[in-house]
Amino acid sequence: MTSDDTDDTAGADDVALDPWGSATISDYRALFDEFGIEAFEDVLDGVPTPHSLMRRAIIFGHRDYRRVAAAMRNDEPFAALSGFMPTGDPHIGHKMVFDELIWHQQQGGDAYALIADLEAHSARGLDWAEIDEHAEDYLLSLLALGFDADEGELYRQSTNRELQDLAFELGIEANTSEFEAIYGFGGDTDVSHMQSVVTQMADILYPQLESPKPTVIPVGPDQDPHVRFARDLAERTRYFKVTEAFASVAFDDDERPLVRAAYDARSQYAADTDQPRCTEAADWLAAEPAAADGVDAATAESVVQKLENAGMEPLRPRVRFFDRQATDEAFTALIDEIAGEKRVFEGHVDAFELSAETARDLALAVEVDHGGYGFVPPSSVYHRFMTGLTGGKMSSSEPASHISLLDDPETGADKVAAATTGGRDTAAEQRERGGEPDDCPVYELYAYLLAGDDDALAEEVYAECANGDRLCGGCKEQAADLMAQFLETHQENREAARDVLAELDIDLDSARV
């Protein structure tokens, strides 16, 4: 969930995602099927005034972003949060995350930015004096780029008591076997490192402490394990689970689609289509293996067995409210609030006249009214990583590979001028064959940063490079000038932001030793 001093991730070659890894992801598409990340282009049309990073497919994927986009369109509450691990200077790779957070704030979202100092100390081993220095630099750059501190919230993990209390409660829902499965932690993992993970889960859910709302976490794909874990914990803290059901017997998430298919096909087997019987559905599924195409054989067998056990009970769709950890008062209130036909059992309630969406809204309202968190599972957007100026990964430990937001303009321009390009070996070959902008760190500077909101400039640079009209020398000269202008303006704005930061309630001098 945090953006640290490197844009380092585990490789897609082995399709592993490690928030503290060191390889780079080369095949983003591999993440879609493996981890359920969806292509951002599928939701782009539903985003009002999308950011240039979205339009240029630098933000390439998402998890459950539709609910955030809907909140934007409907002028409903939503939030955005990102964290920064202060392990080095903020650089142009971090600017991408700053921009995403600020853009969501400008679209009307509640924006939260945090300094992940507990993670930096436990996972990276930084001392507190170094953390304090870097924390100030991150905050100054964020403010200089346009974060509105009056409308948003900035905090440090180590000084936010509400956050730490939430982390303690979430820790009740987590266990060490999950840390091992998700992060590869073992017997030699520091307890403080595990604690910092739970704190990050609390960070992700923190914007919803006052009231539930869609919340987006802009991250690189290496941070997806944090997002998935936070979504799981959000569900576990809920008072009720709402699912589709068809009979008194319970079907799991993998089984319900097959039961739905059997119900939809009732005209093919039911003596009375208004009241298809479970045993009729079981016989039909057993005789029609094509109905279970794409379904695991064990799952299909389980569905048939459960339907047979239900016998002549009618197969009838309904919404089921499971009591996960509701208080007695909340469960009683839920029963009272369900309109229309319902059946009350020990541990769950079936409602026959509610849509799934209405049922979820009702469960959330009852939970919040009775002291529950009511967390909405957090959403996320995933951006590509910038290539280092020398090729390969961008890392703060390799000064030539990145441009720090603290570099003086001349140094930044010199780094651009010395950068690797996607050009050919000679100017003649470049004119004949064209360059390779898709493999060019300098073109990435235009697309990610230097073109700003000017899509035409980014497209012009790409097209001229690809068709051979643009040579690397002139391209780098233009990029170096633009970089110097950006750094000069940014650092002027950083100085102006010092007064704003001084007025905020953020302790930049840690009392820890």
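## Chatting through a predicted model

Student: Hi! Which residues does M96 touch, not counting those up to four places away in sequence?
Tutor: Leaving out those sequence neighbours, M96 touches L53, I58, H383, R384, M386 and Y448. Contact here means heavy atoms within 4.5 Å.

Student: What kind of model is this, and how are things counted?
Tutor: It is a predicted model, in which local features need pLDDT of at least 70, side-chain atom pairs count only at pLDDT 80 or more, and totals for chains, interfaces and linings use all residues. Residues are numbered from 1 along each chain as its sequence is written, while side-chain values use heavy atoms, with hydrogens and water left out.

Student: Good. Back to M96: where is it found, and is it buried or exposed?
Tutor: M96 is found in helix 4 (residues 92-106). Helices (H or I, at least four residues) and strands (E, at least two) are DSSP runs, numbered from the N terminus. With a relative accessible area of 4%, M96 is buried. The cut-offs are under 20% relative accessible area for buried, over 50% for exposed, and partly exposed in between, with a 1.4 Å probe and protein chains only.

Student: How far apart are M96 and L53 in sequence and in space?
Tutor: They are 43 residues apart in sequence, and their C-alpha atoms are 8.2 Å apart in space.

Student: What about confidence: what pLDDT does the protein average?
Tutor: The average is 91, and 94% of the residues score at least 70. Over residues 5-25, though, the pLDDT is below 50, and this stretch has 76 contacts in the model beyond near neighbours in sequence. pLDDT is the predictor's confidence in each residue, from 0 to 100.

Student: And the overall picture: how many helices and strands?
Tutor: The protein has 20 helices and 12 strands. Of its 513 residues, 53% are buried. The C-alpha atoms fill a box of roughly 80 × 60 × 45 Å along the principal axes.

Student: New topic, pockets. What is the volume of the largest pocket?
Tutor: About 1000 Å³. The lining of the largest pocket has 28 residues, with R67, R360, D361, V376 and P377 nearest its centre. Helix 3 (66-73), helix 10, strand 8 (240-245) and helix 15 (356-369) are the elements that each give two or more residues to that lining.

Student: How many cavities of 30 Å³ or more does a search of the whole structure find?
Tutor: It finds 3. On a 1 Å grid over the protein atoms alone, a cavity is a set of points where a 1.4 Å probe fits but cannot get out, and a pocket is an open set with protein on both sides within 12 Å along at least five of seven lines; lining residues have an atom within 4 Å of a point. Grid points are joined across faces, edges and corners, and a volume is the space filled by probe spheres set on the points.

Student: Which residues lie nearest the centre of the second largest cavity?
Tutor: Q430, C440, C465, C472 and C475, out of 15 lining residues. The volume of the second largest cavity is about 70 Å³.

Student: Now helix 8. Which of its residues are buried?
Tutor: In helix 8 (residues 176-183), E178, F179 and Y183 are buried. They sit on the same side of helix 8 because they cover an arc of only 100° around the axis, taken from the directions from the helix axis to the C-beta atoms. On the other side of helix 8, E180 and A181 are exposed.

Student: What do the buried ones pack against?
Tutor: The buried residues of helix 8 pack against helix 9 (191-205) and helix 10 (224-236). Just after helix 8, G184 takes a positive phi of about 75°.

Student: Last one: where is D75, and what is its phi?
Tutor: D75 is in the loop between helix 3 and strand 4 (79-84). Although D75 is not a glycine, its phi is positive, about 55°. D75 counts as exposed, at 72% relative accessibility.
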